[in-house]
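Please read this briefing alongside the sequence and the 3D structure shown here. The points are grouped by topic.

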Amino acid sequence: SLASIAKELVREVRSDDAESPTRLIDISGETRVPSLENIGLHIRLDWDTDETDFDLHLVSPIGQFGDSPQDCSFMHPNPQWGDPNSILDDPFLDVDDVDGFGPENINVTEPAPGVYTVMIHYFSEGRDFNQSNLTVTFLHYGAEVSVMRSRPVSQVEEVWIVAEVEFPGAH
């Protein structure tokens, strides 16, 4: 089954029509998020403190941390990786929690072969420091394959390299 997320947007459109130089147009759309049983790689980040912002990153086999667009994160939540004619090998961040506890989720429906790096960044943006314990859960087509827990994170702007995940081939 697919969960759906509806979004509505109103945009002002300008034209050279003297009688109606501007109009408001409603734009509506629906996104269908596949169920976890249809996701080859699902990564979930949770933490145990309120008013904190940890960012989940999935770095492509040819990328580096912060290297756009090869680093899927809040800055690039749906980069185009691999086959330009398919979205199945492209990661997507479906939740970016900025105020505590998580989760943050990154998914790849059909990961291309390669070694992906999973990283967490404690993003402060002027907030007070709260020591936190993080949990990263990995699922493969809906089945939990690994749970990793951090030591208490003790510095703002700290980066935790959680794991390298290798996909040898297509499912």
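Strands E3 and E7 (residues 104–108) run antiparallel and are joined by five bridges. Strands here are DSSP runs of at least two residues (E), helices are runs of at least four (H or I), and both are numbered from the N terminus. This is a predicted model, in which local features need pLDDT of at least 70 and side-chain atom pairs count only at pLDDT 80 or more, while totals for chains, interfaces and linings use all residues. Residues are numbered from 1 along each chain as its sequence is written, and side-chain values use heavy atoms, with hydrogens and water left out.

**Strand E3 and its partners**
- Two strands count as paired if DSSP finds at least two bridges between them.
- Leu 45 has Glu 104 in E7 as its bridge partner.
- E3 is also joined to strand E9 (residues 134–140), by six antiparallel bridges, and Trp 47 stands opposite Leu 134 in E9.
- Strand E3 (residues 41–47) is largely enclosed by the rest of the structure, because five of its seven residues are buried; buried means under 20% relative accessible area, exposed over 50%, and partly exposed in between (1.4 Å probe, protein chains only).

**The open sheet**
- Four strands, in the order E5-E4-E8-E11, form an open sheet with antiparallel pairing.
- Its edge strands, E5 and E11 (159–167), each pair on one side only.
- Seven bridges link E4 and strand E8 (residues 114–123) in the antiparallel sense, and Asp 55 stands opposite His 121 in E8.
- Strands of a sheet pair through backbone hydrogen bonds, either parallel or antiparallel.

**Ser 60**
- Ser 60 sits in the loop between strand E4 (53–59) and strand E5 (71–72).
- Ser 60 is buried, at a relative accessible area of 3%.
- Apart from neighbours within four places in sequence, Ser 60 is in contact (heavy atoms within 4.5 Å) with Gln 70, Trp 81, Val 115 and Tyr 116.
- The side chains of Ser 60 and Gln 70 are joined by a polar contact of 2.6 Å. The term covers a pair of N or O atoms within 3.5 Å; within protein, one must be able to donate a hydrogen and the other to accept it, and residues adjacent in sequence count only if both atoms are side-chain atoms.
- Ser 60 and Pro 91 are 31 residues apart in sequence, with 9.2 Å between their C-alpha atoms.

**The largest cavity and Glu 158**
- The largest cavity holds about 40 Å³ of space. A cavity is a set of points on a 1 Å grid over the protein atoms alone where a 1.4 Å probe fits but cannot get out, and lining residues have an atom within 4 Å of a point.
- Among the residues lining the largest cavity are Phe 54, Ile 120, Val 153, Glu 158 and Trp 160.
- E8 gives the largest share of this lining, three residues.
- Glu 158 lies in the loop between strand E10 (143–149) and E11, and is buried with a relative accessible area of 14%.
- Leaving aside neighbours within four places in sequence, Glu 158 is in contact with Ile 120, His 121, Tyr 122, Arg 151 and Val 153.

**The chain as a whole**
- The chain has eleven strands and zero helices.
- Of its 171 residues, 39% count as buried.
- Among contacts between residues at least 6 apart in sequence, 60% join residues at least 24 apart.

Key
On a 1 Å grid over the protein atoms alone, a cavity is a set of points where a 1.4 Å probe fits but cannot get out, and a pocket is an open set with protein on both sides within 12 Å along at least five of seven lines; lining residues have an atom within 4 Å of a point. Grid points are joined across faces, edges and corners, and a volume is the space filled by probe spheres set on the points.
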